[in-house]
Amino acid sequence: MGKPVRQDTPMRMLRPCLSILRMQVLAKLQYRASAWAQLSTAVLGAIVQIVIILAFYKFGLRSGATSGLSAAQAVGYTWLVHITLPLLPGMGLDAEVREKIRSGDIGVELCRPLDLYTHWFARAAALRVGPFLLHVIPITLVAFLMPEPFRLHPPASLAGLLTSMLALALGLLLTCATMGLTYVVLMHVNWGDGPIYVMVGITDLLSGANLPLQLWPAFMQRFLYLQPFAGVIDLPLRLYLGTLAPVAFLQVALLQLAWIAALVLAGWLWMRRTLTHLVIQGG
């Protein structure tokens, strides 16, 4: 009788994923000069965007119009977006994975004792956690120390802060699931990276990174709330600001988990199908 095939248990898969996460985070934390450049760019970008938003609230809104988001909350939302910017899908397209797909070195990846989708999912998480850890404290301090009306105010409640942090953790998983699909699309595209950047640009737009989703037209609000990318940062930030009550966290989390499961399943199945037809040329 042949030897039984070893089945990957969740714990056996978790150990290499945590190792990938640790190595990538440490690598990102090494480049301090680049990190400070990113921090200064994020702060300056936030200030410019806040000036535009305040002008919009002063001159752009019709008299009596309401968006469900006050000017102070919109300013806070802008700071929070720049604090959580590394968690967005468009902020970390893995250059190493992209080069391996382009060059054919993906064959080396297939030799690893870890499912390829799981490996790339873990890398996507690692590439975001490191920069986020660098962003969160310095930019938050700057945001709280700014004068009015450019200041970030404390969360609406302690429960709002805690539920917002939990929702952001789920948003990270949602981002990684989105990147898993993006990498599979990249395996099918051989005429440049244009389609990939269009994809991540759309996901960032629909996540509320460019404009709070609550400031979009009223007839789109139901769609914007239910679509998958709102769960990346927009819905978690609403919990912090108080435009969503903490009791709404369960609904937000269930929506995030449903989209995570759908995107992970779609990406994993599509990758398995792609690998069965994969032809690697070269030597």
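**Figure 1. Burial and overall make-up of the protein chain.** Of the 283 residues in the protein chain of this predicted model, 45% count as buried, where buried means under 20% relative accessible area, exposed over 50% and partly exposed in between, with a 1.4 Å probe and protein chains only. The chain exposes about 15100 Å², and carbon and sulfur atoms supply 69% of that area; accessible areas come from the Shrake-Rupley method with a 1.4 Å probe, and for residues only the protein chains shown count as cover. The chain has 11 helices and zero strands; helices (H or I, at least four residues) and strands (E, at least two) are DSSP runs, numbered from the N terminus. Among contacts (heavy atoms within 4.5 Å) between residues at least 6 apart in sequence, 80% join residues at least 24 apart. Residues are numbered from 1 along each chain as its sequence is written, and side-chain values use heavy atoms, with hydrogens and water left out. The model is predicted: local features need pLDDT of at least 70 and side-chain atom pairs count only at pLDDT 80 or more, whereas totals for chains, interfaces and linings use all residues.

**Figure 2. Packing of helix α7 with helix α10.** Helix α7 (residues 158-188) packs against helix α10 (residues 234-241) at an angle of about 170 degrees, and their axes are 7 Å apart. Axes are lines fitted to C-alpha atoms, for helices over the stretch in contact, and angles run from 0 to 180 degrees between N-to-C directions. The angle therefore makes α7 roughly antiparallel to α10, a term for angles over 145 degrees. From α7, the contact involves G160, L161, T163, S164, A167 and L168; from α10, P236, L237, L239 and Y240. These residues divide into seven nonpolar, three polar and no charged; Ala, Val, Leu, Ile, Met, Phe, Trp, Tyr, Cys and Pro count as nonpolar, Asp, Glu, Lys and Arg as charged, and the others, Gly among them, as polar.

Figure 3. H82 belongs to helix α3 (residues 71-83). H82 counts as buried because its relative accessibility is 8%. A polar atom of the H82 side chain lies 3.0 Å from the backbone oxygen of T78. Beyond residues up to four places away in sequence, H82 touches A42, G45, A46, Q49, H135 and I139.

**Figure 4. Surroundings of S207 in a loop.** S207 is placed in the loop between α8 (194-206) and α9 (221-226). With a relative accessibility of 0%, S207 counts as buried. The S207 side chain reaches the backbone oxygen of D204 at 2.7 Å. Apart from neighbours within four places in sequence, the contacts of S207 include Y77, L88 and F229.

Key:
Parallel < 35°, antiparallel > 145°, perpendicular 65-115°, else oblique. Polar contact = N/O pair within 3.5 Å; in protein donor to acceptor, adjacent residues only side chain to side chain.
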